[in-house]
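Good morning, colleagues. Please turn to the sequence and the coordinates that I am about to display.

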Amino acid sequence: MDAKYRIDTEANRQFLHEISESLLAFGRRFPAPDGSSYYLGDDGTPWKDRNRETWITSRMVHVYSIGTMLGDPGSEELMQAGMKGLTGALHDQKNGGWYAGLTPEGGILPTKQCYAHAFVILAASSALLAGCPGAKELLDEALALYDLRFWNEEEGLSCDTWNTEFTELSDYRGLNANMHTVEAFLAAADALGDETYRVRAGRIIGHVLGWAEGNGWRTPEHYTKEWKSDLTCNIEKPDDPFKPYGATPGHGIEWARLVTQWALSSFTGTVDVNAADDRSRLSAESKASADDRRLLPAESKASADDQRFLSAAESLYDRAIRDAWNADGAPGICYTTDWNGTPVVHDRMHWTLAEAINTSAVLYHVTGKERYAEDYSAFMRYLDEYVLDHENGSWYHQLDRQNQVIGTVWPGKSDLYHALQATLIPYEKPEMSIAAAIHEKNMR
C-alpha cells in the first residue's frame, strides 16, 4: 500500500494538505454579488442558472472560515462575502429565519428548512471562531430562531419544514435535518462554551441509536409527525438527494462519527466547558426517557459511557460498510440499501466517501483497531483513483456503479463542505468540532 494512503504517515498528511489547498482554490468563485452562493460546475465555474441556496451558502461560509484559520490567502474575504448573503439577501427580515434560497432572478424560494437553519448555525459558529465581524450576532439570532421554530424540547428532536411565514408546519419528520442539527449544536457548544446544545445533541443521538439498534443498525430516515418510522417513503423515487428510500449507509457512517464526538466531549472532560450544571442534566433526562433512549447512560462516568457509545458508533459504521462498500463487484459505497442491506441505488456519492474517510480515521485513533486503519487506506486509494478530479479540481460528486462520472442526482460540484472536512478531521481532535479544533490549535 502506497504510504500516502496510510494513516499517520507524513505522506498521507501531505496528500491531504495538498487536497485541502486545491479545494480552497477551486471554490473561490462561489459568491454572487449579494453574497449568496452560486452552485459550482465541474471546473468551479458558477452555474448562474441554478438556485442560490442557503444551505450551500452556509457550507461555504463554514469552509472559508476554516480556510481563514488555516491561513489560506483570500479565505477571509470569501468568508465575509458569504456572511453578507446570510445576513442580507437570504435572511427573511419580515418573518425571521432564512429563506430556502433565491432563484437565479433573485426571487425567494419558499419554505423554511430545518436543514438549512442547522447549517446557518454551523456557519456562524465557525465564522465566530475565525473572528468574522457580525458572526456572534448571527449565531445568537440563528440559535434563538431555531429554538423558537424547530427545536421541540418535550420530544428532544427537531421538526423539518415550515412555510415561509412560519404558519404551517409539515407533517414530515426526518433524521437528515436532525443529524446536521447534532453537528450544528456541537459546533455551537464548542464555540460558545454553552453546554445546553451539547445536551440537546445527546438527546437526539439517544433517539437515533435506539431506532438504529432496533432495526439492525440500519437507521430509519423518515418519520411521521408522531415520530413513527415510514420505511417505504420515496420508494418510487429511491435516489432522492435528501429523502432517499431505504437505509442510507453514508448517514450511518456520519452518525457514527458524531456519536463518537458527542460521547468523548460529554464524558471525558477533554473539552473546556463552562456549564457543568447543563451537562449533569443529561443523566436525569436519560432516566426520564429510558424506554425511548435506552442507550443513553444512567450516570455520567467516563469509562463506561465512552465504551457504550463507542460500541454503538462501531455498530453503525460496521453495518454500513458491510452493506454498501464493494457490495456490487466494484469499489465504492452504494448510496442506499433496502432494509435487508441489499443495495438499491448503486451510485457512489462523494459525500459518503468523505464521511467514510473521517469516521474510519476517528475510530482508528479512538479504538486503536487496525481494521479501521485498513479501511482508511482503502478509502484513500479509492479517492485518489476514482473520486478526485485531477484535471479540474475538487471531487466528482456522483459516480455510477462502474465508477463513471454521472450527474443524475448531483451534477457539477455544488460546494466543498464534505470534501474539505475529510482532509482535516482525520488528524484533529475527535472530541471537537473541526473549526473549534483548528481554532484551538491556532491559540497554542
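In which helix is the place of Ser20? Ser20 lies in helix 1, which covers residues 10–26. Please bear in mind throughout that this is a predicted model.

Is Ser20 buried or exposed? Its relative accessibility is 6%, and because buried means under 20% relative accessible area, Ser20 counts as buried. Leaving aside residues up to four places away in sequence, Ser20 touches Leu70, Leu420, Thr423 and Leu424.

I turn next to a pair of helices. Helix 5 spans residues 135–149 and helix 6 spans residues 175–192. The axes of these two helices come within 12 Å and cross at roughly 135°. As to handedness, the crossing of helix 5 and helix 6 is left-handed.

Which residues make this contact? Helix 5 contributes Lys136, Leu139, Leu143 and Tyr146, while helix 6 contributes Thr181, Phe185, Ala188 and Leu192. By class, the residues of the contact between helix 5 and helix 6 comprise 6 nonpolar, 1 polar and 1 charged.

Finally, the cysteines. How many disulfides does a search of the whole structure find? The search returns 0 disulfides. Two cysteines may be considered individually. Cys132 has a relative accessibility of 7% and therefore counts as buried. Cys334, at 0% relative accessibility, likewise counts as buried.

Thank you for your attention.

Note on methods:
Residues numbered from 1 in each chain as written. Predicted model: local features only at pLDDT ≥ 70, side-chain atom pairs only at ≥ 80, totals over all residues. Heavy atoms only, no water. Helix = DSSP H or I, 4+ residues; strand = E, 2+ residues; numbered from the N terminus. Buried < 20%, exposed > 50% of the residue type's maximum accessible area, 1.4 Å probe, protein only. Contact = heavy atoms within 4.5 Å. Axes fitted to C-alpha atoms, helices over the stretch in contact; angles between N-to-C directions. Left-handed = near helix turned anticlockwise from the far one by under 90°. Nonpolar A, V, L, I, M, F, W, Y, C, P; charged D, E, K, R; others polar. Disulfide = S-S within 2.5 Å.
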